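The sequence and structure are shown first.

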Amino acid sequence: MSARNYGPLLDALRGVRWPARGAVGAALPGAHRSRQRGTSGEFTEYRLYRQGDDPRQLDWKLLARSDRAFVRLTDDRALLPTWFVVDASASMNFPAFNAATELDDRPTKWSVACALTVGLAAVANASGDPVGLIVSGSQGPTRLAARTRRGTVGEFARTLDRIAVGADTPLAPLLAALPTSARIVVITDMLGDADALVRIAGQRTAAGGLFECVHVVAVEELELPRGAHLARDPEASTAPRAIDAGAHAEYRARFDAFREESARRCRASGAGYVEARTDVVPARMVRQIAAGLGRGAINDGRSRELWGAGRR
């Protein structure tokens with residue numbers, strides 16, 4: 001597949017901000033509300049002075065008017081390192097691109113994952129947050145250290161374009177070395193080590209971290225092709241399996257149950273969860289994720305709007 005042009009996507013995301021879903025651990029000054037209260041930042045409330053309080057927090061004008069000592073409480077603002085962990089397993093290359101005809105311009109799960117990663121990284125980076133990347137490619141994990149410098153998003157795009165999809169590397173172990181205070185964004189189709197990912201999500205959110213799961217679903221996965229056909233597991237060496245024409249209803253029921261269970265388990269762990277379908281404009285998905293909206297499926301059926309300009 002040729003390199004993808006993310007220019008229209010990035011242009012559509014100018015001015016978008018991605019606030020943390022909750023207060024973040026104390027860190028360098030940044031755009032997100034910190035758990036630490038200090039003498040700078042945004043004013044929150046007054047509180048009566050208590051022994052041990054910093055005298056510099058006293059509001060001397062209020063003391064002069066009321067003859068009572070109050071301290072000013074403020075919310076400090078902090079940077080939020082954001083790490084993207086992207087699934088590059090064989091199942092993400094669905095539906096496969098038809099290189100022979102060059103006529104199949106349907107977005108794959110992998111191309112959607114790349115667009116979401118680049119778009120969300122650009123939004124986070126625009127707020128001054130360091131952004132890092134881990135991808136489970138077929139040649140082993142690829143890592144880019146979290147940085148704030150200009151050009152980081154372009155480096156993300158070039159790195160993703162070089163990834164050979166087809167890894168069988170579990171995602172969960174890739175999270176082990178990431179800082180607890182970071183925002184972790186896992187972009188996956190949930191067809192790998194989902195159980196381990198949910199456990200880690202629960203552990204990190206219990207420790208005060210932020211965890212976001214973006215579940216990529218191809219619209220072609222929602223319905224089986226009409227008639228009898230052969231189905232092959234791209235991540236297994238087993239022979240193709242015959243699927244008869246009467247299996248459509250059972251397949252859809254099972255796949256819907258899988259999606260609902262994935263959402264329930266992620267949310268129960270304290271993680272954010274969004275289902276991102278391949279028939280949706282990537283910029284719209286990024287905006288909804290950044291706004292904390294659409295905690296269910298994101299779908300409007302307008303995928304060609306940006307994807308048509310995406311191939312060069």
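Which side chain meets that of Lys109 in a salt bridge? In this predicted model, the partner of Lys109 is Glu221, at 3.0 Å from N to O.

## The Lys109–Glu221 pair

The pair links distant parts of the chain, 112 residues apart. Lys109 belongs to helix α3 (residues 109–126), while Glu221 sits in the loop between β8 and β9 (229–231).

Lys109 counts as buried because its relative accessible area is 1%, under the 20% cut-off. Glu221, at 10%, is buried as well.

## Other salt bridges

The whole structure contains 15 salt bridges. In one of them, the side chains of Arg259 and Glu275 meet at 2.9 Å, N to O. Arg259 lies in helix α6 and Glu275 in strand β11 (residues 272–277), 16 residues apart. Both Arg259 and Glu275 are buried.

Arg14 and Asp11 form a salt bridge of 3.1 Å, N to O. Arg14 counts as exposed because its relative accessibility is 65%, whereas Asp11, at 47%, counts as partly exposed.

## Helix α5

Helix α5 (residues 194–206) has 13 residues. From first C-alpha to last it reaches 18 Å, close to the 18 Å expected at 1.5 Å a residue. Just after α5, Gly208 adopts a positive phi of about 95°.

The buried residues of α5 include Leu197, Val198, Ile200 and Ala201, and also Arg204 and Thr205. The buried residues of this helix pack against β7 (183–188), β8 (210–217) and α6 (248–268).

Technical notes: Residues are numbered from 1 along each chain as its sequence is written. This is a predicted model: local features need pLDDT of at least 70, side-chain atom pairs count only at pLDDT 80 or more; totals for chains, interfaces and linings use all residues. Side-chain values use heavy atoms; hydrogens and water are left out. Helices (H or I, at least four residues) and strands (E, at least two) are DSSP runs, numbered from the N terminus. The expected span of a helix is 1.5 Å times one less than its number of residues. Buried means under 20% relative accessible area, exposed over 50%, partly exposed in between (1.4 Å probe, protein chains only). Contact means heavy atoms within 4.5 Å. A salt bridge is a side-chain nitrogen of Lys or Arg within 4 Å of a carboxyl oxygen of Asp or Glu.
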